[in-house]
Amino acid sequence: MNTRLSLCLIFGAVIFLAACDKDDDSGMTEPTLYEKLGGTALVADPNSTGMIEKGRLGLRSVVDSTIFVIAADPKLSPYFATLLSEVGNGNVSNLAILSENLTDFFCVATGAEHFTYDGLDMASAHDPSTNPRMAQKADNAAYDAFINDVVIGAQQNNVPSELITEVGAFLETLRETVVQR
Ligand code: HEM
């Protein structure tokens, strides 16, 4: 083999290995949490006549269940006083917006970047001076209660425990931003 050909082969091998380095040892990329929750496969939407991605349906179901768990949780319900009073008066329009916003937020956060979250950033959403719907600033105990209620919401939807652990680990990354007292 001549020197030039050998150099070309070595150079090609280096480029190939560098490209593979982005993946794990099996050469496959690690699936995102969104993919593990069902990903982009379309399924019938139980809330409409249309279709919905399985990953989004899973997240929306957890969000909707969690909102009910929070509403019944005396440690958290005071924070949601505005929303709960609206719902008590039969007005569910902001509840629907919150469900949509939270679902978009979790879709994007778990790797489904074809969705867009256009609500408030996490610091502003949890500061009563920028979001008057947040009745008071959250402390660490409220944050613990929130994670606990998300876990209950996920269990109610039969999310596998290893994925609930992943969701919990993700939620922990936002603690410092959301807890503001
Ligand atoms: C990782 C944890 C959390 C995430 C990802 C999260 C996410 C969100 C999102 C996306 C919104 C909607 C923002 C908008 O409408 O623009 C929101 C609103 C809100 N969050 Fe959180 N949140 C978290 C923790 C908490 C905690 C710990 C509390 C209370 C102690 C809380 C109380 C609220 C309240 C009261 C609202 C306003 C609800 C309404 O529309 O009436 N959140 N949150």
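**Group meeting: a helix pair and a ligand shell**

Hi everyone, let me start with a pair of helices: α7 and α8 are roughly antiparallel to each other, because their axes cross at roughly 155° and anything over 145 counts as roughly antiparallel. Before I go on, please keep in mind that this is a predicted model.

So, where are these two helices? Helix α7 covers residues 140-156 and helix α8 covers residues 161-172, and their axes come within 10 Å. The crossing of the pair is right-handed. On the α7 side, the contact is made by Ile 147, Val 150, Val 151 and Ala 154, and on the α8 side by Ile 164, Val 167, Gly 168 and Leu 171.

Leaving aside residues up to four places away in sequence, Leu 171 touches Ile 147 and Val 150. Take Val 150: how far apart are Leu 171 and Val 150 in sequence and in space? They are 21 residues apart in sequence, and 9.5 Å apart from C-alpha to C-alpha.

Now let's step back to the whole protein chain. The chain has 9 helices and 2 strands, and along the sequence they follow the pattern α-α-β-β-α-α-α-α-α-α-α. Of its 181 residues, 19% are buried.

Last stop, the ligand. There are 23 residues around the ligand, and Leu 83, Gly 119, Arg 133, Ala 142 and Phe 146 come nearest. Which elements give two or more residues to this shell? They are α4 (81-88), α5 (93-109) and α7, so we meet our α7 from the opening again. Helix α5 provides the largest share of the shell, with 5 residues. In terms of residue type, the shell around the ligand divides into 17 nonpolar, 5 polar and 1 charged.

Methods
Residues are numbered from 1 along each chain as its sequence is written. This is a predicted model: local features need pLDDT of at least 70, side-chain atom pairs count only at pLDDT 80 or more; totals for chains, interfaces and linings use all residues. Axes are lines fitted to C-alpha atoms, for helices over the stretch in contact, and angles run from 0 to 180 degrees between N-to-C directions. Helices (H or I, at least four residues) and strands (E, at least two) are DSSP runs, numbered from the N terminus. Angles under 35 degrees count as roughly parallel, over 145 as roughly antiparallel, 65 to 115 as roughly perpendicular and the rest as oblique. A crossing is left-handed if the near helix is turned anticlockwise from the far one by less than a right angle, and right-handed if clockwise. Two residues are in contact if their C-beta atoms, placed from the backbone, lie within 7 Å. A residue is buried if 20 or more other C-beta atoms lie within 10 Å of its own, exposed if 12 or fewer, and partly exposed in between; C-beta atoms are placed from the backbone. A residue is near a molecule or strand if its C-beta atom, placed from the backbone, lies within 6 Å of it. Ala, Val, Leu, Ile, Met, Phe, Trp, Tyr, Cys and Pro count as nonpolar, Asp, Glu, Lys and Arg as charged, and the others, Gly among them, as polar.
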